[in-house]
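Subject: Structure handover

Dear colleague,

Here is the structure for your files. Notes on what was found follow below it.

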Amino acid sequence: MKTHTVDFSRREFIALGGAVALAPSAAAPSKPWHQTVRRIGQVNFSEHDVVDADVEAWANYWADVKVDAVQINVTGMIAFYPTQIPFHKRSRYLNNRDFFGECCRAAKKRGIRVIGRFSPDLQWEDALEAHPEWFLRDRDGKPVPPFSRTPGLYQTCMFSPYYFEQTPAIMREVNARYDVDGLYANGWPNWHMPVCYCNVCRNLPKPGSMEYHERFMARAIEIWTLYDKIAKEKSPDNLFFGNLGGGYRTGLNIKQLAEKCDWFNADNQGRTGASPAWGASQQGRVAQSVMKGRTITNVTGAWSTGNPMWRNATKSPAEAEMWMAQTAASGMVIWYHWLGAQTGLGEDRRWQQTGRNFLQWHARHNPHFINRRSIANVGLVLGQRTQTFYRPPGEGTAGDYVEGYYAALLDSRHTFEFVHEDDLVPESLRKFDALILPNVALMSDAQCRQIEAYAAAGGSVMADFETSLFDERGRERADFGLARLFGMSKAGGRVGSRGFENSFYARIERPHEILRGFTETNWTAGCEWRVQVKSDAPPVMTAVGPYPAYPTEVVYTEKMHTTEPALVLREIGPSRLVYFPGDIGRTFWRSGHQDPLRLITNSLDWMLRGRHPLTVSGDGLVELFAWETSAGFAIHLLNMNNPALHRATIQRHSPIGSQRVRFELPGGAAPVKRVRLLRSEQPVGFTQKGRTVEFTIPKVIDYEVAAIE
Ligand SMILES: [Zn+2]
């Protein structure tokens, strides 16, 4: 049973800036079409589908499930229409048929917008002789095949004229011939940052370096700007957008791209192997940190994502439903995606009913998915530079530092958001009572000063391990950039688990609120890696070990007591500061041990002083989102309980019992008229005392949305 008391922070009041009406506000200036979409549909056609596809059945399906727009293949490597552009190879099955045109007209007849899908990333060897400069090259100057190793197909280079001559020519041809509303590039920009040795790229900085990364981003933005300009040549309301999946692991600077783009599409279609279930909602939080309410889509693969993958077989309906639910809960637009149109709409047609059920339900409750702002009081800082350039000690990736805190925030049922490291300005941070820096190792001096300013304004901060130990270029500092804030300093190097030297502990030195629940023990499981630090404050916990784990005869150390802090706590006015010299987030993620989890969640409780805009009490692991919507407020509960929580695939939902909700309305909100549960489609009784609304959700099968009007 998890419970939290409810309060509304002082800074939350300030952020709201006065009264918030429950009713929809007076007519706002009308937004372009692409800022109002809620559902997108796509059947990704193979070259051969031109023979088989039933265009009328295709259009009828997408009209039936109430999508606002469809993706149709143009594409760049295979033309789905009788193109006149050299090297835009027509489908060998086209026979002068205009397949793209037929699909486009069928969609338009049903009032559905059309987005032309391009694949600028690949081209055939037919073009090698005439345009050797188009292709990505390896060290020996040879063209590079795609990961699929499709015979005769090679990767194109983003720094070549293929991107600023050939692709624009195709885009302009499509604009001239068809009633399209937007252009989309699949496979670009490639967030893996491809390495190329063509004549242009040979003169670029070393691949993998920060200088190369900067050139890559500048080029990506240049191309994005050009393609968007071409899209707008057709109509000012048209747009171009690229493919920005990868969550927080993307090598692309999403903050820079978000400043240029009106539509963030996350090609994050499903889980592979040992991935946690929350992949789509986490992607949503990542994208929201830079898009701030502008259109974000996340693709749900109705096909079987994973390894092995089946492109033409339907995935488990429960897994697909969960992915769409997370997409909706995190404030993104659902993009439902199937591959192949053999025998009309695919050999396997099971995907259709899954999409129909979810998308029609979603459309019935449309106003509750039009979000104005997210309500959350914890910020998790997204350190993209650290994710791209920092090499963690030991096994794993820099992502492990983030996942540990993410899992802990779910476990403790907090409402939280990602905050991008390049957005640590007071206007963005003001709403949060607490910030978490999950080993954000690379930080500029300016970013350190921003965190200090946040704390000086009353905000609380938690950080771990090597946070701020490197500058933004990855150069190690003599001391932490945030040493002054946390009242500690570097006293030695990294200490960590090596082979069987992996018994490490944190000794309890004196009572503290953060140690709540640690009884009948003198120490807790420690962190796998830590930085040796010193602090003038008397330590609450000290570090012990590591010492050997095998053989049992040597499992001890003569240094059972040290003065090295394992936890540094500080209070400055209302600001509470927590620094773990160990990699506590990652240790929790890798081990699943209850001690690092308890220390993280107890620390958050201490920092927040009981302030929670939303409290949901009940059994189970639930991911929460709270939004102010066009209809009032919406509380989203994602039921994460499933035997397949940490490994695909969910076969069936595992319902959880009653969940008690306490929600604090923003100041000035009108009295609540009703509360409805959208997923179970029933009203629910509620009480309102002052600004506090309380009600009970009797059961959550997969997902519930409580709409407060
Ligand atoms: Zn190149």
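What geometry does the site of the zinc ion have, given the angles among its four donor atoms? The site is tetrahedral, with angles of 102 to 116 degrees (four donors count as tetrahedral if all angles lie between 85 and 135 degrees). Please note that this is a predicted model, in which local features need pLDDT of at least 70 and side-chain atom pairs count only at pLDDT 80 or more, while totals for chains, interfaces and linings use all residues. Residues are numbered from 1 along each chain as its sequence is written, and side-chain values use heavy atoms, with hydrogens and water left out.

Zinc site

The SG atoms of Cys157, Cys196, Cys198 and Cys201 coordinate the zinc ion at 2.2 to 2.3 Å (donors are N, O and S atoms within 2.8 Å of the metal, or 3.2 Å for Na, K and Ca; water is not among the atoms, so sites may look incomplete). Along the chain, the donors have the spacing C-x38-C-x1-C-x2-C. Cys157 lies in the loop between strand 5 (153-155) and helix 5, and Cys201, 44 residues apart from it, lies in the loop between strand 6 and helix 6 (210-234) (helices are DSSP runs of H or I with at least four residues, strands are runs of E with at least two, and both are numbered from the N terminus). Cys157 has a relative accessible area of 1%, so it is buried (under 20% relative accessible area; exposed is over 50% and partly exposed in between, with a 1.4 Å probe and protein chains only). Cys201 also counts as buried, at 6%.

Eight strands make an open sheet with parallel pairing, in the order 7-6-3-2-1-12-9-8 (two strands pair if DSSP finds at least two bridges between them). Strand 7 (239-241) and strand 8 (263-266) are at the edges with a single partner strand each, so one side of each has no neighbour in the sheet. Strand 1 (residues 39-44) and strand 12 (residues 333-339) run parallel and are joined by six bridges; Gly41 has Tyr336 of strand 12 as its bridge partner.

Helix 12

Helix 12 (residues 399-411) has 12 of its 13 residues buried, so the rest of the structure largely encloses it. Among the buried residues are Asp400, Glu403 and Tyr405. Just after helix 12, Arg413 has a positive phi of about 60 degrees.

Regards

Notes:
Tetrahedral: all angles 85-135°; square planar, octahedral: opposite > 155°, others 65-115°.
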